[in-house]
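This report describes one protein chain for a reader who is new to structural analysis. Please keep the sequence and the model in view while reading.

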Amino acid sequence: MDPMATYAYFCFRRLGILPGKFDALDSNEKAMVIAFVQKWSREARKREKELKHADK
């Protein structure tokens with residue numbers, strides 16, 4: 001899947017931002033949203049890993 005489509009999907013599912021609205025963001029705003037999504041993703045993976053280790 002195209003990376004921009006993945007970010008647009010995340011924004012739609014998690015934030016309620018319609019894909020057209022995401023696509024209409026200027027490049028600086030879109031870059032910021034992408035950075036936020038990437039940060040969220042890293043933190044979610046870290047939490048998941050911590051929970052796995054806590055179960056052992």
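A salt bridge is defined here as a side-chain nitrogen of Lys or Arg within 4 Å of a carboxyl oxygen of Asp or Glu. The model is predicted, so local features need pLDDT of at least 70 and side-chain atom pairs count only at pLDDT 80 or more, while totals for chains, interfaces and linings use all residues. Residues are numbered from 1 along each chain as its sequence is written, and side-chain values use heavy atoms, with hydrogens and water left out.

**Salt bridges**

By this rule there are two salt bridges. They are listed in the table.

| Salt bridge | N to O distance |
|---|---|
| lysine 30 and aspartate 23 | 3.6 Å |
| lysine 39 and glutamate 43 | 2.3 Å |

How accessible are the partners? A residue is called buried under 20% relative accessible area, exposed over 50%, and partly exposed in between (1.4 Å probe, protein chains only). Lysine 30 is buried, at 15%, whereas aspartate 23 is exposed, at 56% relative accessibility. In the other pair, lysine 39 is partly exposed with 42%, and glutamate 43 is partly exposed with 35%. Lysine 39 and glutamate 43 are about one helical turn apart, because they lie four residues apart in helix H3 (residues 27–55).

**Helices and core**

Helices (H or I, at least four residues) and strands (E, at least two) are DSSP runs, numbered from the N terminus. The protein chain has three helices and zero strands, and from the N terminus its elements run α-α-α.

A nonpolar core is a set of buried Ala, Val, Leu, Ile, Met, Phe, Trp, Tyr and Cys residues joined through side-chain atoms within 4.5 Å. The largest such core has eight residues, namely Tyr7, Ala8, Phe10, Cys11, Phe22, Val33, Ile34 and Val37. Tyrosine 7 has contacts (heavy atoms within 4.5 Å) with Phe22, Ile34, Val37 and Gln38, when residues up to four places away in sequence are not counted.

**Overall form**

Buried residues account for 18% of the 56 residues in the protein chain. Along its principal axes, the C-alpha trace spans about 45 × 20 × 20 Å. The radius of gyration, taken over C-alpha atoms, is 14 Å for the protein chain, whereas a compact globule of 56 residues would have a value near 10 Å; the globule rule is 2.2 Å times the number of residues to the power 0.38.
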